[in-house]
Amino acid sequence: MVIHKKIVILGAGPTGLAAGYELSRSKNQVVIIERNKKVGGLSRTEECNGNFFDIGGHRFLTKEKRVLDLWKNILKDDFLERPRLSRIYYNKKFFNYPLKIKNVLKNLGLLNSFLVIFSFLKAKIKKQKEDNFEAWVTNRFGKRLFKIFFKSYTEKLWGIGTKELSSDWARQRIQGLSLFKAIKDALFRKGKEKTLIKKFYYPKYGSGQMYEKMAEKIKENQGEILLNSYVQKINYQDNKIKNIVIKNKGETREISGDNFISTLPINKLILKLSPQPPKEIIKAAQALKFRSFIIVTLTIDKKDLFPDNWIYIHDRNLKTIRIQNFNNWSPDLVKDKNKTVLGVEYVCWENDDFWNKSNKELINLAKEELGAINITKKASQKLGSSWLEEIKAGKVIKAKDAYPVYTPKFKDDLKVILDYLENFKNLQTVGRSGAFCYNNMDDSILSGLNSAHNII
Ligand SMILES: Cc1cc2nc3c(=O)[nH]c(=O)nc-3n(C[C@H](O)[C@H](O)[C@H](O)COP(=O)(O)OP(=O)(O)OC[C@H]3O[C@@H](n4cnc5c(N)ncnc54)[C@H](O)[C@@H]3O)c2cc1C
């Protein structure tokens, strides 16, 4: 079967939906193709026994009025302002975040705190060339602080050494999301850090509620969304995308269009093009890598386990990078208010041994790691010693292509690909994976809106 639509959007995450919303509002004929059974992409909300959880909690923060107005318009009273509390677990201790000087000194100890300041001053005098993550951070925080707080967390997240990671990631993220700057600020009293924002917006029923509502609006505007539809192939001729081939419930269909917006991972987009692009383009696409993400949610038969929305786990002996407490994101995420829904988060490579672990193995590991963290010691006082056995339901969600890996060479490979894609006059590749950019939802939405405006 062949369908013709004016505009074909690949992927129903925030970017694809924002583009579809804007285009359908201005009476353009759109179809959105999504491989999952629900919309929202990495920002969707999943369900387990009547409880809701995100693929990692998703805060709604933006400086863009356009995006904030859009969010508020879509969800109205269901767009809540929520308090934020998060801490860092390191060396069997919890560091308040934002950092409190007394808490830092107490946790690090006087000698360690003195050594941190000494190493910070040393780094200020003896600067390194900032061509990798480790050098960038060390220059700003000193070697000791780097080792204490950056090294193990970053290596767990990215799966490569901190010298193999581009300083671009530090530039983009650390400035705005830094425990380390917070420590520095706390120690050296250097003004306010922008990520110490203590409130954020959040939909009553999870991040995905926003995108499900957006999808409803697109359908009201006569837009079409095809779920469970996997883009297999993208056919082109004379520098124009002609059509895509999708697989929907075992059936293959062809969809042609005048304009195409892709939010698929850019490396996978290249590999789907037919005829195959030149060898050097394929090589560049194969060099770009994404980290995958796994969340294990566990329902515990107790309430008020701990007050944080999430806790970063910087301990190198634990594989988890973060623990979410979804009750504290929005009470409406949890069906029974006497229970707590936790999310234990892991990062790995697609198809490595960790990725291929069974759900049972992952649930057992998550339980074990919760048991190893002090917070559960506190919890166990409340819960009784058998609290781990009280963990009832567990659900595992695996997400591919979650984090674009900024190796020192990624910009060269990306440039090769983008230069090549420039030739296609009716194709835009946007969004987090589409632009290979560590975007938050607001940046992703903006790129979707902009791609729509380019067409309009
Ligand atoms: C763990 C984690 C926590 C995060 N926390 C926050 C946060 O707190 N705040 C924030 O603002 N942002 C956060 N983000 C970022 C946010 O998730 C992204 O910015 C956003 O989801 C990107 O939207 P997108 O539409 O560009 O891509 P995606 O959300 O990745 O959507 C792309 C869509 O394309 C679909 N697709 C892929 N391949 C195919 C195919 N072959 N055929 C059909 N469909 C396909 C996918 O299924 C997906 O639905 C977080 C990300 C992660 C991984």
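**Walking through the model**

Colleague: Is Asp 304 buried or exposed?

Modeller: Asp 304 counts as exposed, because its relative accessibility is 55%, where buried means under 20% relative accessible area, exposed over 50% and partly exposed in between, with a 1.4 Å probe and protein chains only. Please keep in mind that this is a predicted model, in which local features need pLDDT of at least 70 and side-chain atom pairs count only at pLDDT 80 or more, while totals for chains, interfaces and linings use all residues. Residues are numbered from 1 along each chain as its sequence is written, and side-chain values use heavy atoms, with hydrogens and water left out.

Colleague: Where does Asp 304 lie, and what is its phi?

Modeller: Asp 304 is in the loop between β14 (290-300) and β15 (310-313), and its phi is near 50°, a positive value in a residue other than glycine. Helices (H or I, at least four residues) and strands (E, at least two) are DSSP runs, numbered from the N terminus. Most residues other than glycine have a negative phi, and most peptide bonds are trans. Lys 27, in the loop between α1 and β2 (30-33), also has a positive phi, about 65°, although it is not a glycine, and Lys 27 counts as exposed because its relative accessibility is 76%.

Colleague: Which residues does the cis peptide bond join?

Modeller: Ser 274 and Pro 275, with an omega of about 0°; Pro 275 sits in the loop between β13 (273-274) and α11 (279-287).

Colleague: Now the inside. How many residues of α5 are buried?

Modeller: In α5, 8 of the 9 residues are buried, so the helix is largely enclosed by the rest of the structure. Among them are Phe 133, Trp 136, Val 137 and Phe 141. At the start of α5, a side-chain oxygen of Asn 132 comes to within 3.0 Å of the backbone nitrogen of Glu 134, and just after the helix Gly 142 has a positive phi of about 90°.

Colleague: What does Val 137 touch?

Modeller: Val 137, in helix α5 (residues 133-141), is buried because its relative accessible area is 0%. Leaving aside neighbours within four places in sequence, Val 137 is in contact (heavy atoms within 4.5 Å) with Gly 142, Phe 146, Phe 150 and Ala 170.

Colleague: And what about Phe 146, which helix is that in?

Modeller: Phe 146 is in helix α6 (residues 143-158) and is buried as well, because its relative accessibility is 0%. Not counting residues up to four places away, Phe 146 touches Phe 133, Glu 134, Val 137, Thr 138, Lys 151 and Thr 162. The C-alpha atoms of Phe 146 and Glu 134 are separated by 7.6 Å, although these residues are 12 residues apart along the chain.

Colleague: Switching to the ligand: which residues come nearest?

Modeller: Of the 31 residues around the ligand, Thr 15, Glu 34, Ser 43, His 58 and Arg 59 come nearest, where near means that a heavy atom of the residue lies within 4 Å. The shell divides into 11 nonpolar, 14 polar and 6 charged residues; here Ala, Val, Leu, Ile, Met, Phe, Trp, Tyr, Cys and Pro count as nonpolar, Asp, Glu, Lys and Arg as charged, and the others, Gly among them, as polar.

Colleague: Which element gives the most to that shell?

Modeller: β10 does, with 3 residues. The shell also draws at least three residues from each of domain 1 (2-43 + 62-78 + 207-288 + 408-455) and domain 3 (290-404), with bounds from an automatic or database domain assignment.

Colleague: What is the distance from His 58 to the ligand, and how much of the ligand does the protein bury?

Modeller: An N or O atom in the side chain of His 58 is 2.7 Å from an oxygen atom of the ligand, and a polar backbone atom of Val 231 is 2.9 Å from a ligand nitrogen. The ligand alone exposes 1,000 Å², of which the protein buries 93%; these areas come from the Shrake-Rupley method with a 1.4 Å probe, and for residues only the protein chains shown count as cover.

Definitions and conventions: A polar contact is a pair of N or O atoms within 3.5 Å; within protein, one must be able to donate a hydrogen and the other to accept it, and residues adjacent in sequence count only if both atoms are side-chain atoms.
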